[in-house]
Amino acid sequence: MKSAKGIENLAFVPSSPDILRRSSASPSQIEVSAFSSDPQRENSQPQELQKPQGPQKSMEPPLPSAPPNASEEQPRSLSLSEFEEGPCGWRNLHPQCLQRCNTPQGFLLHYCLLAVTQGMVVNGLVNISISTIEKRYEMKSSLTGLISSSYDISFCLLSLFVSFFGERGHKPRWLAFSAFMIGLGALVFSLPQFFSGEYQLGSLFEDTCITTRNSTSCTSSTSSLSNYLYVFILGQLLLGAGGTPLYTLGTAFLDDSVPTHKSSLYIGTGYAMSILGPAIGYVLGGQLLTMYIDVAMGESTDVTEDDPRWLGAWWIGFILSWIFAWSLIIPFSCFPKHLPGTAEIQAGKTSQAHQSNSNTDEKFGKSIKDFPAALKNLMKNGVFMCLVLSTSSEALISTGFATFLPKFIENQFGLTSSFAATLGGAVLIPGAALGQILGGVLVSKFKMTCKNTMKFALFTSGVALMLSFVFIYAKCENEPFAGVSESYNGTGELGNLVASCNTNCNCLRSYYYPVCGEDGVQYFSPCFAGCSDSVSHRKPKVYYNCSCIERKTEITSTAESFGSEAKAGKCETHCANLPIFLCIFFIVIMFTFMAGTPITVSILRCVNHSQRSLALGIQFTLLRLLGTIPGPIIFGITIDSTCILWDINDCGIKGACWIYNNIKMAHMLVTISVTCKVITIFFNGFAIFLYKPPLSATDVSFHNQNAVVTNVLAEQDLNKVGKEG
């Protein structure tokens, strides 16, 4: 058939009945179809319609239009031939049982499993293992910070190239490569455990007041264990290489495989699973840290988790992730380049790309020479750039709160670090996952166009902005702290932890172990409280004979102690705003992430179809450069500015902050949140203002697109017949 010229994949024809209708259509039908998919052909259309007129008047109307028919259909056929649909399997092996998975739902299932694995390793296991790695391999916090940022560095370096070259490639095989690299990265990250030898316990540190304790001297030494830093960095770089195809090519493949109005539902589900991954990582990693670090060597110890020398088995989670990630390589490798029905779905879609002076040639983007021009085209798309900047601003505060929300809860409400982290995770993870899913469901249910999707994201960001002032409501006054906000029974100076009651104890400021005295005052450690004795088998641990604590006369001694003058842990706070704060902040997180899926869908819609993967690559690159990388840094600097008591060692080097000004911290966090939210809303609103939909997609819903296109075709035919008559 001459009308089928250019169709390389014959198996494609039966799955797309629309092509059979187009092969015998009139010239005007073909030209209108091409115009609807290529807005730049608008200026050339009238000349093409007039070509058959003039010297060929005596011939029958269909005959002079035959050459334009073939020439006009060829580019479209070449484009559609790229949808190489096929069965699920390998080469000539296509088991019937695998064909049940050869659907968008089957691919989404495996995509979610890989997203969960990636999130579990990168944002769960790595984060919860950092403190253990610091102690085991004698690294500074600055070095472990470099380990954490290595993933983002790798992602930024590879994102643009992977998304550009992978757009024309076999996306499921790229995801098989992603699963391989994620598994390899997890394996490499765990290798130091097997080459560093057995963990050696140090001597037990006495936390009570001992007058004979030798004062420590300023010594700086380096350990060979710190050389494993490069192995951890290599593992993170490999994990970054694996995460790049997942969130660029995987998202584009989902968008290819489902109708427009269902795309947001699938993408939102996939992104929600990537958010649940860190939650699984924290839970799994927390449980594994209760096992001794050298459990694989058959070693056991009498040291308990309460001992500062305890180190947990941080590495087991990475081994499990390696095995699970590599188990997904085979399923992804068996998927075809395009799922069955993709060509028919693509033929039924209407372009909603923003109208800009960009190259829409079908051959554009197949060569490395086109890479700079492709970047330039996307950068000139004002709507796309505004949406990217909007998501970058949102990512800045999201990653900042993901890192420092537990610290805020711990200091504002006087909770332990572990319990504050549990509450923070209980708010952040479900709120973010629910927001992603709700955003995708609502966009899919109401079948929103590109512009309406952006308006929906603007609305959710506005609600989150109004609720961000919850931090002012949640602020709580600092509890009395000896040497910081309260004197030692009228002795000593504020800002100095040493007073006459503990001056002979030789206490260390590097050992922060807060205790609450019976006088309601919190002390830096039992040593600074002047406590000389303790009862360790009681929970919480109690201390007595404390020279710095003013004893109450009504206290009577027990058979076991001479009066429990202090107990381990912080004093109970009098601030009762925690439940309300958690509820409101949960809503803030939910509305914040409700805009995530709509913005991603809007980015996919406002750019040309052939540049969607590259657009996602640019989005994630800028999102990390402007959001996720500087976010924790900005939050950290801001929170450190509210510190009122620093850890200063014998060498005079400033370490971590022990005590913060709660009121100032709350005000600073509100300032950052409101500023970023305003930036997000500004760029989102500006994108709506700039967006110009193509003529074929203006005010056309998903229900009546076919009817409108049919009317246009008929009108063109009538005009042509009238002119020829």
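This is a predicted model: local features need pLDDT of at least 70, side-chain atom pairs count only at pLDDT 80 or more; totals for chains, interfaces and linings use all residues.
A disulfide is a covalent bond between the sulfur atoms of two cysteines. Counting pairs of cysteine sulfur atoms within 2.5 Å gives 5 disulfides.

| Pair | S–S distance | Torsion about the S-S bond |
|---|---|---|
| C501 and C548 | 2.0 Å | about 105 degrees |
| C507 and C527 | 2.0 Å | about -90 degrees |
| C516 and C571 | 2.0 Å | 105 degrees |

The torsion of about 105 degrees makes the disulfide of C501 and C548 right-handed. This pair links distant parts of the chain, 47 residues apart: C501 lies in the loop between α18 (470–474) and β1 (515–517), and C548 in the loop between β4 (542–546) and β5 (566–568). C548 has a relative accessibility of 1% and therefore counts as buried.

For C507 and C527, the torsion of about -90 degrees means that the disulfide is left-handed. C507 is located in the loop between α18 and β1, whereas C527 is in the loop between β2 (522–523) and β3 (531–535), so the bond ties together parts that are 20 residues apart in sequence. C507 counts as buried at 19% relative accessibility, under the 20% cut-off; C527 counts as buried at 4%.

The link of C516 and C571 is right-handed. Because C516 belongs to strand β1 and C571 to the loop between β5 and α19 (578–594), the pair ties together parts that are 55 residues apart in sequence. Both C516 and C571 are buried.

Two further cysteines may be noted. C101 is partly exposed, with a relative accessible area of 30%, while C334 is buried, with a relative accessible area of 6%.

How values were computed. Residues are numbered from 1 along each chain as its sequence is written. Side-chain values use heavy atoms; hydrogens and water are left out. Helices (H or I, at least four residues) and strands (E, at least two) are DSSP runs, numbered from the N terminus. Buried means under 20% relative accessible area, exposed over 50%, partly exposed in between (1.4 Å probe, protein chains only).
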